[in-house]
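Here is a brisk report on one protein model. Please read it alongside the coordinates.

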Amino acid sequence: MARRTTKRTTKKRATKKAAARRTRQAPKMLSDLFLETLKDIYFAENKIIRTLPKMAKAAHSKDLAAAFNKHLRETQGQVKRLDQVFRMLGKPARGRPCEAINGITDEGAEIMKEFKNAPALDAGLLAAAQAVEHYEISRYGTLRTWAEELGMHDAARLLQETLNEEEATDHALTELATSVINLEAEGEYRTAA
Ligand SMILES: [Fe+2]
Ligand SMILES: [Fe+2]
């Protein structure tokens, strides 16, 4: 009995040592986190490129459709900037499935389905688009700061350029929401009530 306990303890110690060795072999650094987050936003931007045309097609307001199409062109440029950052790292440009953007875009798809032809559709599309922009603003702010900390100043400049576009888009959507679309949705609701 005593011998068996000793054997088990020795085995446990060996497993712990192996785990510690593995941790020592691959210390996760800020540069690893930077690369992983870059893959995450690369996936997100490509998903957004597939989603924006659907949102532009669904929008009732011409101004909203135009805003989505404008941001689609910007987003294509943002992917090119990310390609450049991957090149600076000497890594292939590759996305990693990001459940956050999948969830946000799924919500947008649900709105398009549930509010198809409804007066409140554009208000819903705006809200969905702003959720996407806020996610991107958070990610690009982080990536820009990490690039600075890692001494990658050219990458930080590129990420800042994209961050500026995301913030400008968010402001433009807020303008649209307060000027026309939400009022339209509310007006229709009042008429129907
Ligand atoms: Fe973007
Ligand atoms: Fe965006």
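Leu 183 counts as exposed, with 12 C-beta neighbours inside 10 Å. The cut-offs are these: a residue is buried if 20 or more other C-beta atoms lie within 10 Å of its own, exposed if 12 or fewer, and partly exposed in between, with C-beta atoms placed from the backbone. Leu 183 sits in helix H6. Glu 36 is found in helix H2. Glu 36 is exposed too, with 11 other C-beta atoms within 10 Å.

The model is predicted: local features need pLDDT of at least 70, side-chain atom pairs count only at pLDDT 80 or more, and totals for chains, interfaces and linings use all residues. Residues are numbered from 1 along each chain as its sequence is written, while chains are lettered from A and ligands numbered from 1 in the order in which they are written.

| Pair | Separation in sequence | C-alpha to C-alpha distance |
|---|---|---|
| Glu 36 and Gly 95 | 59 residues | 8.8 Å |
| Leu 183 and Ala 123 | 60 residues | 9.0 Å |

**Overall make-up**

The protein has 6 helices and 0 strands. Helices (H or I, at least four residues) and strands (E, at least two) are DSSP runs, numbered from the N terminus. The order from the N terminus is α-α-α-α-α-α. Buried residues make up 28% of the 193 residues. Among contacts with a separation of 6 or more, 77% join residues 24 or more positions apart. A contact needs two C-beta atoms, placed from the backbone, within 7 Å.

**Helix H4**

H4 covers residues 99–114, 16 residues in total. Its first and last C-alpha atoms are 22 Å apart, close to the 22 Å expected at 1.5 Å a residue. The expected span is 1.5 Å times one less than the number of residues. Which residues of H4 are buried? They are Ile 101, Ile 104, Thr 105, Gly 108 and Ile 111. These cover an arc of only 105° around the axis, which puts them on the same side of H4. The arc is that of the directions from the helix axis to the C-beta atoms. The face turned away from that buried side carries exposed Glu 99, Gly 103, Asp 106, Glu 110, Lys 113 and Glu 114. The buried residues of H4 pack against H2 (30–58) and H5 (121–149).

**H4 against H5**

The axes of H4 and H5 come within 9 Å and cross at roughly 170°. Axes are lines fitted to C-alpha atoms, for helices over the stretch in contact, and angles run from 0 to 180 degrees between N-to-C directions. H4 and H5 are therefore roughly antiparallel. Angles under 35 degrees count as roughly parallel, over 145 as roughly antiparallel, 65 to 115 as roughly perpendicular and the rest as oblique. On the H4 side, the contact includes Ala 100 and Glu 107. On the H5 side, Gly 124, Val 132 and Tyr 135 are among the residues involved.

H5 itself has 29 residues that should span 42 Å at 1.5 Å a residue, and its end C-alpha atoms are 43 Å apart, which agrees. Just after H5, Gly 151 takes a positive phi of about 75°.

**The core**

The largest nonpolar core has 37 residues, of which Leu 64, Leu 125 and Leu 126 touch the most other members. Such a core is a set of buried Ala, Val, Leu, Ile, Met, Phe, Trp, Tyr and Cys residues joined through C-beta atoms within 7 Å. H5 gives the largest share, 11 residues. Leu 125 touches Met 55, Ala 58, Ala 59, Leu 64 and Ile 111, not counting residues up to four places away in sequence.
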